[in-house]
Amino acid sequence: TQPALLTSSGVAATYACGYNVTCNGASNGSIDLTVAGGASCLAYTYLWSNGATTEDVSGLSAGTYSVTATDANGCSTVSAFTLTQPAALAITSTPAVTYAGGYNIRCFGGNDGQFSVNFAGGASCLNGTVTITGPSSQTQSGLGSVTFSGLTAGTYAILVTDANGCTVSGSITLTQPTAVVANAGIDQCVLFGYNNVNCTTISGTQTGGVAPYTVRWNEGSASGTLVSNTASVQVCPTVTTTYCYTVTDANGCTYTDCMVVNVTDIRCGQNLEKVTICHTPPGNSGNPQTLCIAANAVAQHVPGHPSDYLGACGAGNPCTPAKTGGNDASSAAAALETGIAELNAFPNPFSSMTTVRFSTPQDGVVELRVYSLTGEEVAVLFDGMAEAGRNYEVEWKPTGVAQGIYFAKMITAGGEVMTKKLVLNR
């Protein structure tokens with residue numbers, strides 16, 4: 001008699017897309033061997049090409065493996081198996097949109113950024129999962145490519161996971177321009193009724209964004225009557241008028257800042273053909289008099305009376321700006337002389353700290369708070385009694401707030417409200 005033919009066969013573990021190893025370079029392959037025939041009443045012995053001596057083997061990387069199975073009579077059979085692995089998982093990421101200046105976000109603080117993630121290798125026959133984390137987090141699935149949108153500027157970490165759980169990581173940074181900031185300048189004053197002082201030039205400036213810019217001046221509001229498409233323009237209002245300066249950069253990002261031209265009507269006479277002058281008689285400085293004289297006589301009158309000025313007596317200088325500019329410490333004193341409050345800040349723009357200076361023309365409680373563009377209160381700088389005629393300075397060191405535009409708002413004891421734009425550039 002003779003034994004049945006000695007045979008061996010085996011089955012390798014199979015993962016997604018038919019691979020015998022989950023990830024490129026992994027060592028998690030296995031083979032389940034079956035031997036039959038020969039002297040089957042006794043145990044077989046095994047010798048694998050990798051040195052293993054067990055019937056089944058595991059912890060294998062991709063490659064070809066052979067095994068010799070031998071029965072108790074010394075008869076043997078040889079089988080060979082080839083384990084496959086996927087190609088290495090790889091990704092590339094590319095911004096989907098680039099705006100003027102090479103930025104990936106159109107305007108500062110915007111959320112219109114996009115980028116695509118392309119991936120290959122791994123278990124490529126099935127959808128992979130892509131997760132991004134950073135300024136915002138999203139997860140999508142796709143076959144070879146996905147696109148993320150609605151993103152803000154910043155660096156995003158990318159993680160791609162295939163159907164076998166294999167991963168590859170990367171990152172991408174989306175850039176944005178600096179904020180477009182328009183500055184309409186300080187409020188100004190004109191005297192209506194006298195040709196030499198009834199006009200003024202308003203000039204706007206801008207920073208940030210991406211040049212070239214288009215600019216416009218509108219009367220009343222940003223959508224009011226168009227005054228000019230140039231940065232500087234002469235205006236001759238007959239009543240107090242607000243002028244708004246709007247800047248639009250190459251990406252269509254806009255910013256509007258407004259200023260006021262305060263108008264004092266100094267006309268007098270039966271037909272309003274004359275003008276008022278506050279006259280101080282020589283040797284009698286404590287008894288100023290309001291005169292109504294012909295407009296063509298002003299040029300001859302004023303040089304001989306250096307203390308006189310256009311406008312009625314009793315109001316100080318009838319044309320004092322309601323919003324002061326610059327960082328001159330004397331501006332507070334000038335404001336007090338004319339009975340108005342003063343609010344200023346320096347440096348402005350600033351990166352880590354600004355000093356806010358204020359004064360009030362009367363004793364009483366003064367509130368000074370900082371608000372964001374959306375009206376959210378972000379800081380209380382002063383809330384208490386203030387003495388008339390005294391300059392106060394408080395520091396603001398913003399923490400936990402983003403760079404951008406803020407407003408310092410002061411309310412005096414007399415109910416006067418003043419605001420100062422603060423520009424924070426981190």
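Cysteine 199 is partly exposed, with a relative accessible area of 28%, where partly exposed lies between buried, under 20% relative accessible area, and exposed, over 50% (1.4 Å probe, protein chains only). The model is predicted, with local features requiring pLDDT of at least 70 and side-chain atom pairs counted only at pLDDT 80 or more, while totals for chains, interfaces and linings use all residues. Residues are numbered from 1 along each chain as its sequence is written, and side-chain values use heavy atoms, with hydrogens and water left out.

**Disulfides**

- A search of the whole structure finds 6 disulfides, a disulfide being a pair of cysteine sulfur atoms within 2.5 Å.
- Cysteine 199 forms a disulfide with cysteine 236, the sulfur atoms being 1.8 Å apart, and the torsion about the S-S bond is about 105°, so this disulfide is right-handed.
- This pair links distant parts of the chain, 37 residues apart, with cysteine 199 in the loop between strand 15 and strand 16 (200-203) and cysteine 236 in the loop between strand 20 (232-235) and strand 21 (241-248); strands here are DSSP runs (E, at least two residues), numbered from the N terminus.
- Cysteine 236 is also partly exposed, at a relative accessible area of 39%.
- Cysteine 23 and cysteine 166 form a disulfide with their sulfur atoms 1.8 Å apart, and this link is left-handed, with -95° about the S-S bond.
- That pair joins distant parts of the chain, 143 residues apart, since cysteine 23 lies in the loop between strand 1 (7-12) and strand 2 (29-36), and cysteine 166 in the loop between strand 12 (154-161) and strand 13 (167-174); both cysteines are buried.
- Cysteine 268 and cysteine 292 form a disulfide with sulfur atoms 2.0 Å apart, which is right-handed because the torsion about its S-S bond is about 105°.
- Here cysteine 268 belongs to strand 23 (residues 267-268) and cysteine 292 to strand 25 (residues 289-294), 24 residues apart; cysteine 268 counts as buried at 10% relative accessibility, whereas cysteine 292 counts as partly exposed at 36%.
- Cysteine 41 is in no disulfide, and the nearest cysteine sulfur, that of cysteine 75, is 12 Å away; at 69% relative accessibility, cysteine 41 counts as exposed.

- An open sheet of 5 strands has the order 15-22-21-18-19 with mixed pairing, two strands being paired if DSSP finds at least two bridges between them.
- Strand 15 (188-192) and strand 19 (225-228) stand at the edges with a single partner strand each, so one side of each is left without a neighbour in the sheet.
- Strand 18 (residues 214-219) pairs with strand 19 in the antiparallel sense over 3 bridges, and asparagine 218 stands opposite leucine 226 in strand 19.

**Nonpolar cores**

- The largest nonpolar core has 23 residues, of which Phe358, Leu368, Leu381, Phe382, Trp396, Met410 and Leu422 touch the most other members; such a core is a set of buried Ala, Val, Leu, Ile, Met, Phe, Trp, Tyr and Cys residues joined through side-chain atoms within 4.5 Å.
- Strand 30 gives the most to this core, with 4 residues.
- Leaving aside neighbours within four places in sequence, leucine 381 is in contact (heavy atoms within 4.5 Å) with Val356, Leu368, Arg369, Val370, Val394, Glu395 and Trp396.
- A second, separate core of 22 residues includes Ile202, Val233, Ile405 and Val423.
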